[in-house]
Amino acid sequence: MKKYILPILLVILSVILPFIAGTYLLHIFTSILVFLALSLSWDMMLRTGQLSFGTAGFFGLGAYASALIVVKLGFDPILSLLVGAIFSGVIAFFLGFVVLRLREIYFAITTLALTHVFSVVIRNLPELTGGSSGTILSNAIFNGDPIKIYYMILIITLTVIGISEIFKRTRIHFAINSIRNDETTAKSSGINVFKYLLFVFVVTSAIQGLVGAAYVQQYAFVNPESTFSLNFLLLPIAMALVGGIYSTNGPIIGAFLLGLIAEYLKLQMPYGHLIVYGLIIVFVVLFMPQGIYKPIKNTVIGIGKTGGDINA
Amino acid sequence: MPRLKADKILRRFGGLIAVNNLSFTVGKDEILGIIGPNGAGKTTVINLIAGTLPVNKGSITFRDEDITKYPAHIRTQKGVARTFQIVRPLKDFTALENIMVGALFGKGNKLNEARKKSLEICELLKLKNVNKNVDELTVLELKKIELGRALASDPKLLFLDEIMAGLNSEETWELIEIVKGVQKTDISICVVEHIMKVVKELTDRVIVLDRGQIIAQGPYSEVSQQQNVIAAYLGEEE
């Protein structure tokens, strides 16, 4: 029971946050939660051994799907979030048959290229998408109420955390961990490697699409430059690396740490946070390759208690 | 019907024919030995039957079903299991979790069933450090994990690829006894082995491969006396 106390406290804290924090702080936390969800989705794919650089791509697809279905077809903005998720998931499903034949650096580069392809396609469909100048929505979701928006993002992020924990606690964990460790052994143990890769690729892409949709509904504006931005690719990766990959807690810790540091540094020096970001990432990767979560955990609960715990 | 029937299977690697129109069967309740000099094609035969590699020609029938076109994971689910010559443990898992993978996906067990069954297999294998990570285990323990993962998938046909290699005499005998015990549970076994005392001790029948073809077959005691077998191993006198 004891190990649930901290998570429950954190959830309660995040639910009452709008009542204790001002608008500025709430805005920062909303932004951190967005990146946290992206970071977890990237990590979930990495658990299969596939390094994806497509996070911003599927984020952008979801953003556009959501924006356009509201603007062109008059969909309800809340419903459009689902449309964003489904659209990214469906595209990932079909692309998966091709890109999931690739491994390692070839997979990584191809997913990065896909992001660029999505962006180019959208730029070249000005009648539908507004081209490179983008599309403006008539109104932000919930009329831009920051508290309601915060709760919307919180629900999405908690859902993603839940999915990540399902991935850690069920047979999915055994399948994707095996695939990452040794694909030949995985196949010889009866694991349908492609099926699991496709499943994880579709789920994580749908999450990215959902987050993209929520993001665009929050700001009521979408354009290719800001949605297919490296921000939505590199920051989530940095957060997962700093916090610790292959876990749920790692990206959570990394997102809050880097998110808060970045916010502070932005006030000190415009874009100065990017330099410090780079330094932190280099430091962590060189000296703490497991991220900061595992060393903390081992110190707190004592080393040697890892055995037999599938959630370790 | 034999449990496994390989009919004229052929596999090329570029210009080299590794397995050449090979036909053999494995009976129910049988331990078949596959021996031959290095490069004879023994491991390739396992890869072809287990589906790790596709055959170029020929057919494979397992329990009256043509499995030639099935991918490796389906063959495992149907009951063909194998161990690897060079152990391939899943390094981010404990010993027990490694074995559970076979039960979860080879057999399709649920998590708690798989855990229970894997613990039973650990007991059968006399594997004690079930909760240690694999990088802390000895060679014998790693071999047992290979065997355990294969057994957990509930196979009807088990390929053991040089599972005794690298073990000392005492450990070898321990594993021989375990394999004998396994065979009594309605699992047909194929052993590829270089250590002749293991072949002699375990097998009912052997086939001798050289350059991808069978050059002799029969009980080990007979085959080991044949001139062409000795020549294949030692080279012919001019």
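Predicted model: local features only at pLDDT ≥ 70, side-chain atom pairs only at ≥ 80, totals over all residues.
**View 1. Four strands of chain B form an open sheet in the order 2-1-4-5, with antiparallel pairing.** Strands here are DSSP runs (E, at least two residues; helices are H or I, at least four), numbered from the N terminus, and two strands pair if DSSP finds at least two bridges between them. Strand 2 (16-26) and strand 5 (65-66) of chain B stand at the edges with a single partner strand each, so one side of each has no neighbour in the sheet. Residues are numbered from 1 along each chain as its sequence is written, chains are lettered from A and ligands numbered from 1 in the order written, and side-chain values use heavy atoms, leaving out hydrogens and water.

**View 2. Look between strand 1 (residues 4-13) and strand 4 (residues 57-62) of chain B, which pair in the antiparallel sense over five bridges.** Here you can find Asp7(B) opposite Ser59(B) in strand 4 of chain B.

**View 3. Leu158(B) has contacts beyond its neighbours within four places in sequence.** Contact means heavy atoms within 4.5 Å. Among the partners of Leu158(B) are Ala81(B), Arg82(B), Leu147(B), Val182(B) and Ile189(B).

**View 4. Chain A has a mean pLDDT of 89, and 96% of its residues reach 70 or more.** Over residues 303-312 of chain A, though, the pLDDT is below 50. Beyond near neighbours in sequence, this stretch has 22 contacts in the model.

Terms used:
pLDDT = per-residue confidence, 0-100.
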